[in-house]
Number of protein chains: 2
Amino acid sequence: MRGPAADGDRLWRSLMDMALVGATPDGGCRREALTAEDRAGRDVFVRWAEEAGCDVTIDVAGNIFARWAGDGEGAAPALAAGSHLDTQPNGGRFDGVFGVLAALEAVRTLRDHGVRTRAPLDVVVWANEEGARFPWSCSGSACFTGALALDEARELRDAAGLRYGDELVRNGIAGDAPLGGRPLAAYLEAHIEQGPVLERHHTTIGVVTGIQGYRWWELVIEGVDAHAGPTPMEGRRDALLGAAAVVQLANRLALSVPNARATVGELDVHPNAHSVVPGRVRLVLDLRHPDLEALDHLQATVRAECERVLSEAGLGFGWRSLYGRPPIPFDGRCCAALEAAARSRGYTCERLYSGAGHDAGFLAAATPTAMLFIPCENGISHNPAESATPEHVSAGAQVLLDTLLELDHAS
Amino acid sequence: MRGPAADGDRLWRSLMDMALVGATPDGGCRREALTAEDRAGRDVFVRWAEEAGCDVTIDVAGNIFARWAGDGEGAAPALAAGSHLDTQPNGGRFDGVFGVLAALEAVRTLRDHGVRTRAPLDVVVWANEEGARFPWSCSGSACFTGALALDEARELRDAAGLRYGDELVRNGIAGDAPLGGRPLAAYLEAHIEQGPVLERHHTTIGVVTGIQGYRWWELVIEGVDAHAGPTPMEGRRDALLGAAAVVQLANRLALSVPNARATVGELDVHPNAHSVVPGRVRLVLDLRHPDLEALDHLQATVRAECERVLSEAGLGFGWRSLYGRPPIPFDGRCCAALEAAARSRGYTCERLYSGAGHDAGFLAAATPTAMLFIPCENGISHNPAESATPEHVSAGAQVLLDTLLELDHAS
């Protein structure tokens with residue numbers, strides 16, 4: 001169902017205004033979860049939502065629900081849309097923010113045009129999506145859906161040893177509404193792709209049919225420290241040389257499996273002194289695939305090959321599972337509605353998987369859920385250079401609005 | 001020429017007594033250069049040297065010369081032997097100390113047996129050999145030989161911002177004798193190997209024919225940060241994958257060149273987050289060879305191969321020279337005398353290069369110089385686990401004494 005035209009210029013201005021909060025000199029944003037900057041961004045959103053006529057509720061986990069009342073009777077389940085406002089330490093202007101402000105733009109447009117939905121609309125800001133400061137990404141939506149106990153989240157610590165529960169309170173992130181108890185008819189999340197596929201294909205709207213499963217494995221490789229000068233090359237047990245083989249192996253194996261990803265993004269060398277052959281390397285291996293069986297197989301192959309190579313080099317090793325999530329399929333009806341809305345507006349459209357985790361992944365367990373992606377420049381995200389065009393931003397917001405109206409109409 | 005028998009038990013007891021100064025709970029020693037602990041160790045040495053009948057002179061750079069007078073007329077050039085008493089922050093009981101106390105044991109033995117050399121013997125303690133606190137290793141011997149101006153050394157700062165020149169005075173390291181002006185007939189330095197070669201070969205005495213040259217190059221590899229999930233393997237520009245190739249290349253090339261060493265001991269990943277394809281890696285490449293031409297060739301080959309591989313991967317790179325020293329050959333006559341002394345005592349003996357820098361490297365520019373190595377357990381040094389056997393310590397002292405007598409006899 002085609003609704004009124006979203007105001008792309010207004011949405012773009014709001015994106016740029018939000019980017020001033022925690023702006024970094026390189027054009028990026030730093031609003032790490034549960035910090036004063038995060039709070040400042042959330043305050044701006046709350047003001048805008050109230051100006052748009054929403055009633056704002058914040059739950060004890062810090063999730064914000066800005067409700068645009070429907071014209072239905074009683075407490076009908078709401079149609080929800082949103083994302084997050086927290087960023088990576090070195091983040092950009094679109095990741096998360098676009099999904100929140102596109103949903104707000106839907107409400108603003110409906111208000112401008114005097115359109116009332118039957119169901120209420122909830123514009124949602126989930127707390128701590130990034131998981132960069134506190135090591136539990138999407139902890140806000142996970143608490144909301146019951147996948148994570150709030151008491152458990154409260155015990156998380158950041159690198160400085162600060163406690164999640166204390167920071168929730170100290171920086172005014174937590175509200176007083178209880179967790180959950182807000183039945184949702186559906187949840188939609190708009191987001192930049194964070195990958196290069198739509199841009200490469202010149203596609204405007206990506207309909208996201210699910211989220212890749214992933215596994216994070218910590219691998220510690222044990223060699224023997226030795227002085228770089230007197231120690232002959234023969235017989236060294238260089239942990240970094242073993243790690244180099246692991247990095248190459250993981251990349252090569254993932255290249256041979258369609259839709260697979262393998263990445264070593266984190267690697268620490270000990271003692272990390274230039275004249276000492278490294279005795280120990282710790283690295284994290286990130287493995288992803290949209291199919292559970294293929295993910296299991298990828299993991300088994302990568303681990304077995306790494307163990308073979310490290311053993312041959314006389315190096316010790318230990319694996320530790322840090323985290324993982326199975327692949328998550330999204331709701332077929334929501335995906336179909338997004339695709340129909342995109343095509344009805346004449347936007348190019350394709351279906352794809354999300355390679356990154358999103359709050360929608362937790363919502364999907366409880367509520368009919370789907371996501372839409374718009375292209376981002378060079379596939380870059382989690383970076384000050386993160387960029388999207390005003391045209392794509394506007395198109396994404398329009399498809400989100402049209403789909404919400406269609407789901408409201410069909411309910 | 002075989003001299004009287006050195007007292008290995010006395011030498012071992014002196015090593016263990018000196019190890020009490022700045023002893024650490026893990027069995028190591030911490031006497032960082034120009035600290036109160038360094039001073040305390042030097043005071044013990046001065047007392048022992050005076051008890052052995054030496055006249056002690058300390059120069060303005062903090063080098064200690066304990067002279068055992070010869071029976072020759074006038075001020076003949078002295079035969080010198082020694083090393084250093086300062087340690088790494090996390091040092092052991094033998095590095096440096098063995099060379100100083102083996103030289104002192106030579107004097108003690110001569111005194112016990114009423115043997116007078118023709119030339120005076122100088123037992124030398126060089127200031128700040130380690131360069132761990134103040135970033136100029138062997139600064140004492142470099143000042144003595146004129147390779148470093150004392151005024152320049154005085155301006156060095158430690159990590160706390162303390163000035164070398166101030167610490168020399170505050171902790172009573174500097175004496176009042178002028179720099180230099182002490183002609184030396186030869187300089188010998190006994191030391192633990194700090195490498196595994198002698199132990200592997202079951203060799204008691206290593207005759208060190210020179211010191212490897214080395215070059216430290218910083219390499220920054222520039223790729224593009226990307227999210228590990230949504231970014232397909234194809235088309236990534238992963239700086240860590242490039243660094244892995246560099247680590248492997250450097251190792252492989254050094255393995256193919258006799259006596260070459262190539263080590264990547266220091267490597268930092270940016271942003272070093274497990275779900276981000278690394279956009280930048282900084283590493284330090286340590287290249288060593290005892291022959292200047294071979295070192296130049298190794299460096300050219302490693303750099304060219306790395307640049308080829310990085311360019312093919314679409315990665316940017318920049319090199320920066322951090323530091324380097326050319327190879328230093330030792331004196332052939334001194335080496336021959338050491339070898340003859342070892343063989344005369346029936347010790348197994350082999351010639352090898354030093355992979356680490358030593359005060360002898362600076363002395364070699366001004367004076368006929370050589371070193372002898374004894375094995376150390378597992379090649380470990382700069383570590384509390386640093387260890388040598390009483391038998392090897394005693395053998396090293398004996399060879400040092402015999403060689404000093406031979407050089408004195410032949411002069």
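Me: Does B:Gly195 count as buried or exposed, and on what grounds?

Reply: Buried means under 20% relative accessible area, exposed over 50%, and partly exposed in between, with a 1.4 Å probe and protein chains only. B:Gly195 has 0% relative accessibility and therefore counts as buried. The glycine sits in the loop between β5 (184-192) and α7 (197-201) of chain B. Helices (H or I, at least four residues) and strands (E, at least two) are DSSP runs, numbered from the N terminus. This is a predicted model, in which local features need pLDDT of at least 70 and side-chain atom pairs count only at pLDDT 80 or more, while totals for chains, interfaces and linings use all residues. Residues are numbered from 1 along each chain as its sequence is written, chains are lettered from A and ligands numbered from 1 in the order in which they are written, and side-chain values use heavy atoms, with hydrogens and water left out.

Me: Which residues is B:Gly195 in contact with, leaving aside its neighbours within four places in sequence?

Reply: Contact means heavy atoms within 4.5 Å. With those neighbours within four places left aside, B:Gly195 is in contact with A:Pro230, B:Cys376 and B:Gly379. B:Cys376 is 181 residues away along the chain, yet the two C-alpha atoms are separated by 7.3 Å.

Me: How many residues does the largest nonpolar core have?

Reply: In soluble globular proteins, nonpolar side chains tend to be buried together. A nonpolar core is a set of buried Ala, Val, Leu, Ile, Met, Phe, Trp, Tyr and Cys residues joined through side-chain atoms within 4.5 Å. The largest one has 78 residues, and those with the most contacts inside it are A:Met18, A:Phe45, A:Leu101, A:Leu188 and A:Phe330. Helix α3 (residues 97-112) of chain A gives the largest share, ten residues. Another core, of 77 residues, lies apart from it and has B:Val97, B:Val124, B:Phe144 and B:Phe373 among its members.

Me: Which residues of helix α1 (residues 8-18) of chain B are buried?

Reply: They are B:Gly8, B:Arg10, B:Leu11, B:Ser14, B:Leu15 and B:Met18. What covers them includes α2 (36-51), α3 (97-112) and α12 (390-410) of chain B.

Me: What kind of aromatic pair do A:Trp126 and A:Phe144 form?

Reply: Rings of Phe, Tyr and Trp (its six-membered ring) pair if their centres lie within 6.5 Å; planes under 30 degrees apart count as stacked, over 60 as edge-to-face and the rest as tilted. The structure holds 23 aromatic pairs over all chains. A:Trp126 and A:Phe144 form a tilted pair, 5.1 Å centre to centre with 55° between the planes. A:Trp126 belongs to strand β4 (residues 121-126) and A:Phe144 to helix α4 (residues 139-145) of chain A, 18 residues apart. The rings of A:Trp126 and A:Tyr187 have centres 5.9 Å apart and planes at 70°, so that pair is edge-to-face. A:Tyr187 lies in strand β5 (residues 184-192) of chain A, so the pair ties together parts 61 residues apart in sequence. Both A:Trp126 and A:Tyr187 are buried.

Me: Where does A:Leu34 lie, and what is its phi?

Reply: A:Leu34 has a positive phi of about 65° although it is not a glycine. This leucine is in the loop between α1 and α2 (36-51) of chain A, and its relative accessible area of 0% makes it buried.
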